[in-house]
Amino acid sequence: MATSESPKDVSFSQGIRMMFYAMKPNETSFPNLDEVPDYVKQATPFFISLMLLELVLGWILKGKLAVRVDDALTSISAGILSRLPMLFFRSIEFSTYIYVWEKYRLFNLPWDSPWTWHLTFLGVDLGYYWFHRMAHEVNIMWAAHQTHHSSEAYNLSTALRQSALQVYTSWIFYCPLALIIPPPVYAVHLQFNLLYQFWIHTEVIENLGPLELILNTPSHHRVHHGRNRYCIDKNFAGTLIIWDRIFGTFEAENEKVSYGLTHPINTFEPLKVQFHHMHYIWTTFWITPGLWNKLSVIFKGPGWSPGKPRLGLLEEIPEVTGKEVPYATHVSGSLQLYALVQFALMLGFYEDTFADKDALSQATLLLRSGYIILTLTSIGFLMEQRPQAAILETFRCSVFLMLYWLNYLKPFIPSWTHTFEVNKLKFIKVKRLAQGPISRMVSVLKLKTRSSESGSMNGIGTVLAHSLRGRLQ
């Protein structure tokens, strides 16, 4: 039974076990929602460790790296974009769940009961199955979920290719749990269900024997990510594959899987990865005749068109020949290194923004978010070697300098702060030297007047000003 304490950091053992949904009820039960640890955030070092391990094992077992720079950066960029709305809005999944719990719950199951814990495990996993299935069978939901399937690679970085829109429909499938399951228990399992699905995005693990009968495994999930005809709309499971076996959507891996969308989008531009299918629905909606047909464009399957079944025709899906070549551009090693460095610097701003979001103004959050999106877009242009890439990157660097000058950004590397400050002071000094004698005299008089008014408070004010600026950057 958990005690009423503030959220704690997980131990190393717990960190490993939470990645595989192997935590115990007595160490993950909490009476209040604000006591539930942010397991996903604390999993960051384990994400990185597993990705590095995959690289090493892929090199040893297959003699090649399991990750391409362009594809991996695009996947991580999608994950970053999916989290930016959290800077401005509360989680809709938790907000709606709490609302239903407070207004309509039928009865209270005990938060510290192992029975409640295991019932929630099954309930969240079943809710995920139906959400995931509908995300493939309802076009407007597929417009969000397709982001996750757009990669033609299959590795742990693919797990991070998340949609910015998906969360606005997934909450519906968990609301029934709010009638009986306390929010803290739901919050724990929602995170564990997500964490479990990270490690199954790999080709390094082939088959897990008897576990394949019960659990969702890398083999089962490879089928789900395939564009082969036998893979379409199969294996929607989160943690337990039993739901697919029960509801008739299970398919075992039996031939080499070709990954990605049935009609590849061939781009590394993050905004296009996120929203291209939404644009497709918009254009198809207006050219389709009849109100019922227009509504069907939105709410029937992605492959539907007038005269076809709800989910479209399987035979219209392009057949995989085995000779498909994933989209890639021949980017030089030096350009890839430059993109990686810029991406790493942007990650520093990104993490800093989330760490200080409660102290930052809305204007600062908007500017930082805009800069992050601009950086990701520019890197995508560089990876595709577009003609506009050099212009966009020059503009991005100029925006960086402007935002830094206005104290909306700070360098990721602390030592750079001194460099930027020295250059700023030199500029100010040159500017003052360029002023005329009268202008300088006025400045001195103003400074003396201000000093005499503030007296001994001047030093304290300076310290506070620097402290606040450092906090708000």
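Predicted model: local features only at pLDDT ≥ 70, side-chain atom pairs only at ≥ 80, totals over all residues.

Residues are numbered from 1 along each chain as its sequence is written, and side-chain values use heavy atoms, with hydrogens and water left out.

Me: How many helices and strands are in the protein chain?
Reply: Helices (H or I, at least four residues) and strands (E, at least two) are DSSP runs, numbered from the N terminus. By that rule the protein chain has 19 helices and zero strands.

Me: What percentage of the residues of the protein chain count as buried?
Reply: Buried means under 20% relative accessible area, exposed over 50%, and partly exposed in between (1.4 Å probe, protein chains only). The protein chain has 473 residues. The buried share is 44%.

Me: What share of the contacts with a separation of 6 or more joins residues 24 or more positions apart?
Reply: Contact means heavy atoms within 4.5 Å. Among contacts in the protein chain with a separation of 6 or more, residues 24 or more positions apart account for 74%.

Me: What percentage of the span annotated as "transmembrane region" is helix?
Reply: The annotation comes from an unreviewed UniProt entry and covers residues 43-61. UniProt positions are given in the numbering used here, feature names are shortened, and annotations may be inferred rather than shown by experiment. In the model, the end C-alpha atoms of residues 43-61 lie 26 Å apart. Strand is 0% of the span, and helix is 95%.

Me: Are α4 and α14 roughly parallel or roughly antiparallel to each other?
Reply: Axes are lines fitted to C-alpha atoms, for helices over the stretch in contact, and angles run from 0 to 180 degrees between N-to-C directions. Helix α4 (residues 69-83) and helix α14 (residues 333-355) have axes that come within 12 Å and cross at roughly 15°. Angles under 35 degrees count as roughly parallel, over 145 as roughly antiparallel, 65 to 115 as roughly perpendicular and the rest as oblique. Therefore α4 and α14 are roughly parallel.

Me: How many nonpolar residues does the contact of α4 with α14 have?
Reply: The contact includes Leu73, Ile76 and Ile80 of α4 and Leu340, Phe343 and Leu347 of α14. Ala, Val, Leu, Ile, Met, Phe, Trp, Tyr, Cys and Pro count as nonpolar, Asp, Glu, Lys and Arg as charged, and the others, Gly among them, as polar. Two residues of this contact are polar and one is charged, while the nonpolar ones number eleven.

Me: Is the crossing of α5 and α9 left-handed or right-handed?
Reply: The axes of α5 (residues 92-104) and α9 come within 10 Å and cross at roughly 150°. A crossing is left-handed if the near helix is turned anticlockwise from the far one by less than a right angle, and right-handed if clockwise. The crossing of α5 and α9 is right-handed.

Me: How many charged residues are in the contact of α5 with α9?
Reply: The contact is made by Glu93, Phe94, Tyr97, Ile98 and Trp101 of α5 and Pro183, Tyr186, Ala187 and Leu190 of α9. Eight are nonpolar and no polar residue takes part. The charged count is one.

Me: Which helices do the buried residues of α13 pack against?
Reply: Lys294, Ser296, Val297 and Ile298 are buried in α13. The axes of α12 (residues 270-287) and α13 (residues 291-299) come within 8 Å and cross at roughly 165°. The buried residues of α13 pack against α7 (139-149) and α12.

Me: Which residues does Ser219 touch, not counting residues up to four places away in sequence?
Reply: Ser219 sits in helix α10 (residues 218-224). Ser219 is buried, at 6% relative accessible area. With that sequence limit, Ser219 touches Glu206, Glu212 and Glu253.

Me: What is the phi of Asn266 near?
Reply: Asn266 lies in the loop between α11 and α12. Asn266 is partly exposed, with a relative accessible area of 42%. Phi of Asn266 is positive in a residue other than glycine, near 50°.

Me: How far apart in space are Ile172 and Phe131, C-alpha to C-alpha?
Reply: Ile172 is in the loop between α8 (167-170) and α9 (183-199). In sequence, Ile172 and Phe131 are 41 residues apart. In space, their C-alpha separation is 8.1 Å.
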